[in-house]
Amino acid sequence: VHQFSNKSTEMALRVASLDYLGTVAARLRKDAVSCKMDRESIDRILKQVSGIEDEVQQLQKALLDYLDENTETDPSLMFYIAQWFRDTTMETEKAMKSQNQKDDDSSDGAQHAKEVESTGEIMQRAEKRKKFLRSVIKTAPAQFSTLRMTSANVDYEDACLIVRYLASMRPFAQSFDIYLTQILRVLGESAIAVRTKAMKCLSEVVAVDPSILARLDMQRGVHGRLMDNSTSVREAAVELLGRFVLSRPQLTEQYYDMLIERILDTGISVRKRVIKILRDICIEQPTFSKVTEMCVRMIRRVNDEEGIKKLVNETFQKLWFTPTPSHDAEGMTRKILNVTDVVAACRDTGYDWFEQLLQNVMVAEDSYAPFLAQTKNVCL
């Protein structure tokens, strides 16, 4: 964080540091999401451990049992014990420090009493965990099996899940929001290379959890880069949206207004990327309320530069003039309604673009010519 935040640092080092932070943030998010998704497995493991009420202590016990049974000289068992003991000690020290500060500042007697009670509970829980860990340390390796739970059904995958779950409670694992905020902050940097790399870092994070795009700070950050002075940064922002809005319909609604504006972007690559995204939305989310507007906006690019013109022609050839299976009556009806809705929407601005589109498609596909000519006559 210090390296890429320091503007006096060499640019290559700043970009590399930012790239590394993006990888770390993505991994933290991935582990957090996987732990939430595997909650049923965690509950199953907890049911196997009897005689312990503390969930964390239950999982620690299950992991230690697995390590003792499956490793002979591996030092990981003692490593985890030492790490957990240190974390518990730091937790108590933090609680005491916080309580001492509150004792000095508190003026509300009732609130202060609740805080003292809460701190006391933290201390009691920590002492129980320390006592358990001490008992494990004092047990000779040959006698450790006496501490093992009665029904040990933890396999390698379960052990990995326990490690991730317990690690997610440590301070480093809970720093995702801090790192994401740092990445969003450098989106306003003057250096184009830093802004572009920041967008790619966000893509890494969103790849493991698309719901991140629903955050307001993400929405503000992406919107700002969609208006960036650099074409490469704007394209990176559009690419970020294009990769993930299709998987979450609610994100399409949230980012639609930002995205549709970029169809008039001065960068050819940005306009192409936007048209591809709009096309995919029309295909994957045909019931989206803005499909007609998207089609009209794409048709208006029919006289754009050659590459975009070709893309628009191919888009509507796929949307409207690709044969629909005979059994898909709903799909055929939707396609017909889409054509008529677009024609109706073109009434106020004229049919020139629409006619040009049909002529372009007719030239591109002679085999469709009779059908397209009939379609043109019917629509107009």
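Mentor: Burial first. A residue is buried under 20% relative accessible area and exposed over 50%; in between, the residue is partly exposed (1.4 Å probe, protein chains only). This is a predicted model: local features need pLDDT of at least 70, and side-chain atom pairs count only at pLDDT 80 or more, while totals for chains, interfaces and linings use all residues. Numbering runs from 1 along each chain as its sequence is written, and side-chain values use heavy atoms, with hydrogens and water left out.

Trainee: How many helices and strands does the chain have?

Mentor: The protein chain has 18 helices and zero strands. Of its 380 residues, 43% are buried.

Trainee: And the surface?

Mentor: The chain exposes about 20600 Å², and 52% of that comes from carbon and sulfur atoms. Those areas use the Shrake-Rupley method with a 1.4 Å probe; for residues, only the protein chains shown count as cover.

Trainee: Pick a helix with a clear inside. Which residues of α10 are buried?

Mentor: In α10 (residues 216-226), Met-218, Gly-221, Val-222, Arg-225 and Leu-226 are buried. They lie on the same side of α10, because they span an arc of only 135° around the axis. That arc is taken from the directions from the helix axis to the C-beta atoms.

Trainee: Which exposed residues are on the other face of α10?

Mentor: Leu-216 and Arg-220.

Trainee: What do the buried residues of α10 pack against?

Mentor: Four helices: α8 (176-185), α9 (192-208), α11 (231-244) and α12 (249-261). Contact here means heavy atoms within 4.5 Å. Take Met-218: leaving out residues up to four places away in sequence, Met-218 touches Leu-180, Leu-184, Leu-202, Val-206, Ile-212, Leu-213 and Tyr-255.

Trainee: What about nonpolar cores?

Mentor: A nonpolar core is a set of buried Ala, Val, Leu, Ile, Met, Phe, Trp, Tyr and Cys residues joined through side-chain atoms within 4.5 Å. The largest has 71 residues; Leu-202, Leu-213, Met-218, Met-294, Phe-316 and Trp-320 touch the most other members. A second, separate core has 26 residues, among them Leu-46, Leu-63, Leu-77 and Trp-84.

Trainee: On to rings. How many aromatic pairs?

Mentor: Seven. Rings of Phe, Tyr and Trp (its six-membered ring) pair if their centres lie within 6.5 Å; planes under 30 degrees apart are stacked, over 60 edge-to-face, and the rest tilted. Tyr-80 and Trp-84 are a stacked pair, 5.7 Å centre to centre with 25° between the planes. Both lie in α5 (residues 76-105), four residues apart, about one turn of the helix.

Trainee: Is Trp-84 buried or exposed?

Mentor: Buried, because its relative accessible area is 6%. Tyr-80 is buried too, at 18%.

Trainee: Why is the pair of Trp-320 and Phe-354 called tilted?

Mentor: Because the planes meet at 50°, with the ring centres 5.9 Å apart. This pair links distant parts of the chain: Trp-320 is in α15 (residues 306-320) and Phe-354 in α17 (residues 352-364), 34 residues apart.

Trainee: Now cysteines. How many disulfides?

Mentor: Zero in the whole structure. The cut-off for a disulfide is a pair of cysteine sulfur atoms within 2.5 Å.

Trainee: Last one, Ser-203. Which residues is Ser-203 in contact with?

Mentor: Setting aside neighbours within four places in sequence, Leu-240, Arg-243 and Phe-244. Ser-203 belongs to α9 and is buried, at 8% relative accessible area.

How values were computed:
Helices (H or I, at least four residues) and strands (E, at least two) are DSSP runs, numbered from the N terminus.
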